[in-house]
Structures are given as structure tokens and as C-alpha cells.
Amino acid sequence: MIRDAERVSPEYRKRVTARREDVDELAHVSNIVYVRWVQEVAIAHSAAVGWTPAAYLASGSVFVVRRHEIEYLASAVEGDEVELITWVESFSVASSVRQTRLFRVRDEKELARATTTWAFVSTRSGKPTRIPAEIIAAFGRNPAD
């Protein structure tokens, strides 16, 4: 696990429950659902610090996924409650790296680890643009503040 000193944001946590439509033909949560959860918790974290999808659109720029790296460690099944833990590891001029860990609640088993690189792009041109200081500052605060 990464130490707090290496993070630029506090952890954000969200719980989800695996639904019937989340499972594949092997009765395990599909790998694509893990990707969806990684994206959903990132969006929830952003909204919790004041940057909703609407706020990004109003600013004229948004974060888009440039790369997902996921290591699948264990399976979840329908009905499992899963805790999603995410934080921003770093910011550069026009991108951000976010870490996410997924744990099954009942036994605290780590299910997956993800690293996502987000590019900050203009909604007008689609090209990378500088991340404003107010966005970086928002992620440095605890969502409860």
C-alpha cells in the first residue's frame, strides 16, 4: 500500500454491492465491472470535492481516461459488498495519476488494484490543457471538509 506521504489527496471510500447483472458466465463479477467501479469511484471522489461532471463541463475542460492498469487478485460474486478506496497519487501539467483498491467487505480480501492515468482536456479542442490550481487544491482537501 502506498504511504500517505506519497499521495496528493486523502483517500475517498465508497461501497457497492455486486448485482446479478455484474456477474459473468462463471458466476464471478466481470472484469469490465471492476473497470466501471474504478471509474465510478473516481467520479464520486471528484464530486465530493466539488468537481461534478457539470462543473467540469462548465469550466470547459474535463478529465478523460488515458490508461487503466488493473491487477485482478480475487473474485467477487453476486451479493458481495465491495469497498472502493481511491486517491490521487500525482498531478502533472495536464494529467493525473489515481490509485484505486477494491476490497470485499466480509473478509477484507483485496480483489483488485488499479492505476489510472487521467488526461485533462479542453471540451472545445479535445487537446490536453493545464489543470487549474483550484482543481488541484480541491483534491488536497478531505471530502468531508
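Which residues does Leu-84 touch, not counting residues up to four places away in sequence? Leu-84 touches Tyr-12, Arg-13, Lys-14, Val-16, Trp-37, Val-41, Arg-101 and Leu-102, where contact means heavy atoms within 4.5 Å.

**Basis of the model**

This is a predicted model, in which local features need pLDDT of at least 70 and side-chain atom pairs count only at pLDDT 80 or more, while totals for chains, interfaces and linings use all residues. Residues are numbered from 1 along each chain as its sequence is written, and side-chain values use heavy atoms, with hydrogens and water left out.

An open sheet is formed by five strands in the order β1-β3-β4-β5-β2, with antiparallel pairing. The edge strands, β1 (12-17) and β2 (61-72), each pair on one side only. From one strand to the next, the twist averages 25°. Strands (E, at least two residues) and helices (H or I, at least four) are DSSP runs numbered from the N terminus; two strands pair if DSSP finds at least two bridges between them.

β2 and β5 (residues 110-122) run antiparallel and are joined by eleven bridges. Phe-63 has Phe-120 in β5 as its bridge partner.

**Nonpolar cores**

A nonpolar core is a set of buried (under 20% relative accessible area, 1.4 Å probe, protein chains only) Ala, Val, Leu, Ile, Met, Phe, Trp, Tyr and Cys residues joined through side-chain atoms within 4.5 Å. The largest has 17 residues, and those with the most contacts inside it are Val-29, Tyr-34, Trp-37, Val-82, Leu-84 and Leu-102. Two or more residues each come from β1, α1 (31-48), β3 and β5, and α1 gives the largest share, six residues.

A second, separate core has 15 residues, including Ala-42, Val-49, Val-62 and Val-121.

Notes: Axes are lines fitted to C-alpha atoms, for helices over the stretch in contact, and angles run from 0 to 180 degrees between N-to-C directions. Buried means under 20% relative accessible area, exposed over 50%, partly exposed in between (1.4 Å probe, protein chains only).
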